[in-house]
Amino acid sequence: MNGLVETAAGDGAGRGRNVLGYPVGGRHGELTRPARRRAGQQTVSMSSITLGNVEIIRVFELPLIPLPRAVAFPDTDPELWRRNADWLEPKYFDTAADALPFSMQSWVLRSEGRTILVDTGIGNAKQRPGDPPLHELDTPYLAELAAAGVAPEDVDVVVCTHVHGDHVGWNTRLVDGAWVPTFGNARYLFARADFDFWNPANGHPSRSGPRMANVFEDSVAPVHQAGLAQLWDDHYDIDANLRLEPAPGHTPGSAVLWLSSGTDRAAFVGDLPHSPLQVVEPDESSCFDEDETAARATRRRVLAQVADERVLLVPAHLPGAGALEVGAAAGGYTISRWGAFE
């Protein structure tokens, strides 16, 4: 992947600054709302690379949501974060605030003449009282897509790596009091396992509790009712460059989108890791994993593959570099390079 990534040594910034200059607020363990960006406040937030014949464009919904470490990783020894602060700070951990900077972003892929949108973020006006950072937002996401040259009607495929409120929100938008599909010409791809698990009619218990209130009803069901949902099981081939495969654990239907074009490889892994720390410590799980045992097994399996095949790992929420390359290390993995999306 020559020319696509920069060395980890070059991924530095002044210690003590938060990612992209956004403030981190709130006491330890307290979820706080991000600074609101209204629809007229467009930001410079687009960067792109090309792998093989596939163009990849990064589009932010919110450049940063600070998530308290004690909320995201309540079972991880705090000392583990301090021991790794020398390379995690400032972009991937804020020691002073004891918080993880998260980016809310989508990936636009142009492949074989089609436009594919990977994960659609939080959405505007979504009622998320059980998840304060996602509640009743008003962001210029569609303007950001437009800056990337993408109008809603241009999108051919929407990939939902999993059904969580921060990955399916812009599936729909509010029009005359009703939730309607945002991307009316697209096929929306959902793993059947997630569609069935999160459908309230099926009554499955979940660790997420109130965080998932209204998500299926306002961001998944309207797409299905409009006849735009495509449910898949074992795998789904979008085209010759892109394949969806199951990666259960974070949710029952979590998926990895594998890109293979020419000699280049990438894996869009959703929330397989919430932090780069989970690459070097793959057994550490966040509180958002429905099945921590399955999530650990999936994380190790995918990391082994990306390290062996030199695949660019693209998590959903990684700020800064946006992606990384993984190398094998004794008993685990190391980060050999950071992505070049900055």
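These legends describe close-up views of salt bridges and of one tyrosine in a predicted model. Residues are numbered from 1 along each chain as its sequence is written, and side-chain values use heavy atoms, with hydrogens and water left out. Because the model is predicted, local features need pLDDT of at least 70 and side-chain atom pairs count only at pLDDT 80 or more, while totals for chains, interfaces and linings use all residues.

**View 1. Salt bridge between Arg243 and Glu245.** The structure holds 12 salt bridges, a salt bridge being a side-chain nitrogen of Lys or Arg within 4 Å of a carboxyl oxygen of Asp or Glu. In this view the side chains of Arg243 and Glu245 meet at 3.8 Å, N to O. Arg243 is partly exposed, with a relative accessible area of 31%, and Glu245 is partly exposed at 25%. (Buried means under 20% relative accessible area, exposed over 50%, and partly exposed in between, with a 1.4 Å probe and protein chains only.)

**View 2. Salt bridge between Glu292 and Arg296.** The distance for this pair is 3.2 Å, N to O. Glu292 and Arg296 are four residues apart in helix H9 (residues 292–309), so about one helical turn separates them. Helices (H or I, at least four residues) and strands (E, at least two) are DSSP runs, numbered from the N terminus. Glu292 is buried, with a relative accessible area of 19%, whereas Arg296 is partly exposed at 27%.

**View 3. Salt bridge between Glu325 and Arg310.** These side chains meet at 3.0 Å, N to O. The pair links distant parts of the chain, 15 residues apart: Glu325 belongs to strand E16 (residues 324–329), and Arg310 to the loop between H9 and strand E15 (312–315). Glu325 counts as buried at 3% relative accessibility, and Arg310 as partly exposed at 37%.

**View 4. Salt-bridge network of Lys126, Arg128 and Asp218.** Salt bridges that share partners join these residues into one network. Side chains of opposite charge can pair when their charged atoms come close.

View 5. Tyr333 counts as buried, at 15% relative accessibility. Leaving aside neighbours within four places in sequence, Tyr333 is in contact (heavy atoms within 4.5 Å) with Val279, Val280, Pro282, Arg300, Leu303, Ala304, Ala307, Val326, Gly327 and Ala328. Tyr333 and Ala307 are 26 residues apart in sequence and 7.8 Å apart in space, C-alpha to C-alpha.
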